[in-house]
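Hi,

Here is the structure I promised to send over. Have a look at it first, and my notes on what turned up are just below.

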Amino acid sequence: MSKKRNLNPEKMGLKDKLGITLLSTNNGIASIFMSTMFMSFMTDYAGLGAWGATLATALLLVARVIDAVDDPIQSMIMDGAKSGKHGKYKPFFMISIIMTMVGVAALYGMPSAITNKPVIVTFWVIFFYLVYDIGTSFFNINLLAHTMTNDNTERGKLIVGPRIWVMILSMIGSGFVAIAVTLYGIFGSYNIAFMVLATVATVLASVISIIGWFMVKERHIVVEEEHQKVRFKDFITLLKENDAILIDFAKNLFSGFIWAMLFATPSYYIKWGMCADLTTGEVDMARFGTYSVIVSMMMMFPLLIATMVATPVLKNVFKGDVIKMQKFDYIMQGVGGLIIFLAHITGLVKVVPASFFIGMFIMAFFIGIDFVPGSAIGMDIMDYTVYKTGKDKSAMTSVFTVFLGKAQSALSSTLVGAILILIGYNVDSVTGNYIGELSAVPSMLTGMAIVTGVVPAVLAIISILILNKFPITAEVRAEMRKALEQKEQA
């Protein structure tokens, strides 16, 4: 007698999960080079001198403005594509892999012959940054997971692998500076060292991603419908109709900068505040490589741990009160920032470098743990929109968060760039030593300590005050759930 097997036809196998995980390799490696290292490469190792800080600052700001227009256009291109041999969205992932690899390799492999020609350098950097940026915009792992299976549980499993893999890659990437130091011993130039590192890493990552690309398969294509144009006035109308979006947007306008500020300054601070002799400008690159690894760990490990404990903490400590938990998270983020600032002004960071890293850990942990209450509030707002207007505009509500995040990233980088420009920041791209006015470095470090420490504390307080006005209370939430359930049943 044969035994019946009740198999879920939508269940994803090991090949699917491994494939979509490997596919994210190139995007993960590229983000390391372009988010954590690009600014310091342009200012310290590209051979551009003081011009590097100005160019990088302007580029990152302009690129985010372009993103605000370009991302929706690319999304429409992908949605409007017809399904072919490899599916509907999958071909765009191959385009993403190639464009991202070329963009990163070219930016880090800028020919030395053009570094003293500002006009040519500017065109080179802008062109290949746009190649990279457009490539990454074509990479949306959720789109692929959505067409691989109709089972929401299986979709969740597909997305977990890439998320964890990218975190692991970030930890590996924390050792890239140390690798560059080793390559410097071979080539005698940090400019060449970073060029070789970026080229080899991105090519290898691209090969792994292409292997993953061949392993995944789109099984379900959503029936295409006529697109409705979204106009700017529609967003204004939505803000007027939904006071919860307005309050959340105002709160995120301040709180979102906390992570951006923390992320923007550590590389410069540890290099010149902990690893440099400010009488000669010489940098202990071996120590800098070690501290760079620690900085990355102080960002990635707290985020990973926080993600694991956030739900139990919300349930058992805050009894499901997402607003109360988010307020506490903001308080602790501010505390971490103040620890960093106090360690700087008291000189403790010179004696006990761990004081700086402890402040970073606290900030990163509570930024990470805030993901759960923040997501819950976001979903409440989506329901609240339906509750208030009778229409589902969930996609539009997400646009505010995406745009705000990119704008905050650009502005934080611009702020750091402004500090560098003001002091005439100038580094020898061959040795990595400082060749600008050394007497200006202490004021630069103080400015960065304020950006990383004091500013986040102030932003946290403002965010809490705004959050007090959030209209979705426990009573409103219960009433809203009841009304939505009745609407769904009807």
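Let's start inside: Asp248 and Lys251 are both buried. They form a salt bridge, with the closest N and O atoms 3.1 Å apart. Both sit in helix H11 (residues 243–264), three residues apart, which is about one turn of the helix.

Keep in mind that this is a predicted model. The chain averages a pLDDT of 81, and 84% of the residues score at least 70. Over residues 1–6 the pLDDT is below 50, and that stretch has zero contacts in the model beyond near neighbours in sequence. Residues 222–228 also stay under 50, with six contacts beyond four places in sequence. Where pLDDT is low, the predicted coordinates should not be read in detail.

Back to the charged pairs: the structure holds four salt bridges. One of them joins Asp44 to Lys271, with the closest N and O atoms 2.6 Å apart. This pair links distant parts of the chain, from helix H2 (residues 25–45) to helix H12 (residues 266–274), 227 residues apart. Asp44 and Lys271 are both buried.

Arg219 and Asp16 make another salt bridge, at 3.1 Å between the closest N and O atoms. Here 203 residues separate the partners: Arg219 is in the loop between helices H9 and H10, Asp16 in helix H1. Asp16 is buried, at 7% relative accessible area, whereas Arg219 is partly exposed, at 38%.

Met308 lies in helix H13 (residues 285–316) and is exposed, with a relative accessible area of 63%.

Cheers

How values were computed: Residues are numbered from 1 along each chain as its sequence is written. This is a predicted model: local features need pLDDT of at least 70, side-chain atom pairs count only at pLDDT 80 or more; totals for chains, interfaces and linings use all residues. Side-chain values use heavy atoms; hydrogens and water are left out. pLDDT is the predictor's confidence in each residue, from 0 to 100. Contact means heavy atoms within 4.5 Å. Helices (H or I, at least four residues) and strands (E, at least two) are DSSP runs, numbered from the N terminus. Buried means under 20% relative accessible area, exposed over 50%, partly exposed in between (1.4 Å probe, protein chains only). A salt bridge is a side-chain nitrogen of Lys or Arg within 4 Å of a carboxyl oxygen of Asp or Glu.
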